[in-house]
Amino acid sequence: MSTVDLQNVSRWYGNVVAVNDVSMTLGPGVTGLLGPNGAGKTTVLHMMAGFLSPSKGRVLLDGEPTWRNPAVYAKLGLVSEREAVHTFLTAYEFVRASAKMHKLPDPDAAAKRALELVEMTDAQDRRIGTYSKGMRQRTRVAAALVHDPQMLLLDEPFNGMDPRQRMHMMDLLNKLGERGHTILFSSHILEEVEQVSGAVQVIVAGRLAASGDFREIRRLMTNRPHVFALQSSDDRRLAVALISEKSVSGVEIDNAGLTVRASDYGSFTRALPRIALGEGIRLRKLLPSDESLESVFSYLLEA
Amino acid sequence: MSTVAYITARGLFGRRRALLLLPLPLLLVGLAALCVAYDVNPRNWGPTVLVGLGLAVVLPVIALIVGTGVLGSEVDDGTIVHILTKPLPRRDIILAKLGVAVGVSAVTAAVPLFIAGWLADSPKLGLALAAGAAVGAVAYSAFFLLLSLLTRRPVLLGLVYILVWEGLLGRFVSGTRVLSIEQYVIAIADRIAPTDLLVGQVGLPVTIVMAAIVTVGCTLFAVDRLRSFSMAGETS
């Protein structure tokens, strides 16, 4: 069993701070690294994998620094986001080459086992250049798993996979986690993380915004105020009616219409048509204006 | 052959740039054969074809294409990560890639130089040029391999070295010849087969010491750079 430890880690590029004073400890099981694009997830993963030096702080795998220490790859596997594979090799050659570079006693058996794990046995003798994006991704996962690493890092592993492949990969990660492997995968899609992992680390703007059980964080996310843009046949009268609704926490009125803040998404969206109907007001526009993932993460950061 | 060398060699010959290795050697042998066929005095064409084309262009350009290809292409397309995520000493990776670069460059440049030297003078001159080219391939490969780890434009910088440093400054500023791999090759060939077709301008002891320093220094530096190989994050 392996543990990765980030101790007050920061990483900056010139004046740009990519990761800001992040501390976390990951043990056996599956952990999702969640955050919007550009939040610093890849930077964190690259530092864990020994492909970036922290500008400040320490990154340790079982007490050993990962930077400038190739020995850590004996127990670490990495699937980077960039789709980089030797397209002139077959999947079998590619994975077997990995096994040989790990100096495994039986590279052929290890390659077969890894390819079976990702369901690539049928296509293993075709050149990787002929594969779909999902097949290439599975081949890269097989190469990362060939030495049965204790720690597996995956950067956006579900990109390019069809739903069946995605389910299979999620199942594989869960099984590896249950067997005591330490798995960390990054994603900017909440639902992906929800299906795979119980534990999450949420990164927003380079800072660790939340850490812990996904359900608890999800509750925070669903309880945040929702903002809607509204236009109707009589905005002023609708504003008066809405303010008496329990789920509405604020209403603003301007030339463009109404901006309504609702504390409960479900209650408000059920109450609105009833109120409008009761007042005889025609609704012309209803837009949730802060449903982007970034706004969810920003709320978490403030919570 | 190590797995790293095997993947490197397959990658090198699987890319279109491998085709760039063919025209220059063919041109060198073709020109030499043409001059012999028309019975032109070797003193009139030997220095131009052997040195001006063979040693100043064919050898360094081939070494540049191969030397930057064995590592630079993998750095460019990201496939180097597949090799770097293995518990291999970075020294082994560099040595495997350098071995492939030296082998391919030496064979590709030495064979046409041997034929051209034989046609111009004698088999001895051919062998001398081939031996010089082999030593040159080692030094050039180490230098160009290092360049592919230092810059994102190793081919451009390599061409500047070949054309400006060796080609231009080497002819007019005598001090620069001590740092010219082309001059080491000429010095070695001139020593093995002294003819008036080649005029070495750097002494043999200086050549041996400097070629060793360039090769070992560039290789050690490349190993150190590979140890610190970084992948930028999404925010960079």
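Predicted model: local features only at pLDDT ≥ 70, side-chain atom pairs only at ≥ 80, totals over all residues.
Is A:Gly278 buried or exposed, and how many other C-beta atoms lie within 10 Å?

Let me begin with chain A. Its secondary structure comes to 10 helices and 14 strands, and its C-alpha trace, taken along the principal axes, spans about 80 × 45 × 35 Å. The chain is divided into two domains, with domain 1 running over residues 4–213 and domain 2 over residues 224–302, and the C-alpha centres of these two domains of chain A are 41 Å apart. Of the 303 residues in chain A, 41% are buried, and if one takes the contacts in chain A with a separation of 6 or more, 66% of them are made by residues 24 or more positions apart.

Now to the helix that holds our glycine. A:Gly278 lies in helix α9 of chain A, which covers residues 265–279 and therefore has 15 residues, reaching 21 Å from its first C-alpha to its last, close to the 21 Å expected at 1.5 Å a residue. Within α9(A) there is a bend of about 25 degrees at A:Ala271, and a proline, A:Pro273, follows within four residues. The residues of α9(A) that count as buried are A:Phe268, A:Leu272 and A:Ala276. As for what lies against them, the buried residues of α9(A) pack against the helix α8 (235–243) and the strands β11 (226–232), β12 (248–254), β13 (257–262) and β14 (283–288), each of them in chain A.

That brings us back to the opening question: A:Gly278 is exposed, because 9 other C-beta atoms lie within 10 Å, and the cut-off for exposed is 12 or fewer. The C-alpha atom of A:Gly278 is separated by 9.5 Å from that of A:Ala241, a residue 37 positions away along the chain. After α9(A) comes another glycine, A:Gly280, whose phi is positive, near 70 degrees.

Let me turn to chain B. Its secondary structure comes to nine helices and zero strands, so that, read along the sequence, the pattern is α-α-α-α-α-α-α-α-α. The radius of gyration of chain B is 18 Å, close to the 18 Å that the globule rule gives for 236 residues, so chain B is as compact as a globular protein of that length. Its C-alpha atoms fill a box of roughly 65 × 35 × 30 Å along the principal axes, and 53% of the 236 residues of chain B count as buried. Among the contacts in chain B with a separation of 6 or more, 78% come from residues 24 or more positions apart.

B:Asn44 is found in helix α3, residues 42–77 of chain B, and counts as exposed, with 10 C-beta neighbours inside 10 Å. Its C-alpha atom is separated by 47 Å from that of B:Leu226, 182 residues away along the chain.

Finally, how many residues does each chain bring to the contact between them? Chain B gives 26 residues and chain A gives 28. On the side of chain B that touches chain A, the elements giving two or more residues are α1 (3–14) and α4 (80–84) of chain B, and α1(B) gives the most, with five residues. By type, the residues on that side of chain B divide into eight nonpolar, 12 polar and six charged.

Definitions and conventions
Residues numbered from 1 in each chain as written. Chains lettered and ligands numbered in written order. Domains from an automatic or database assignment. Contact = placed C-beta atoms within 7 Å. Nonpolar A, V, L, I, M, F, W, Y, C, P; charged D, E, K, R; others polar. Bend = angle between axes of the 7 residues up to and from the residue. Buried ≥ 20, exposed ≤ 12 C-beta atoms within 10 Å, placed from the backbone. Rg over C-alpha atoms; globule rule 2.2 N^0.38 Å.
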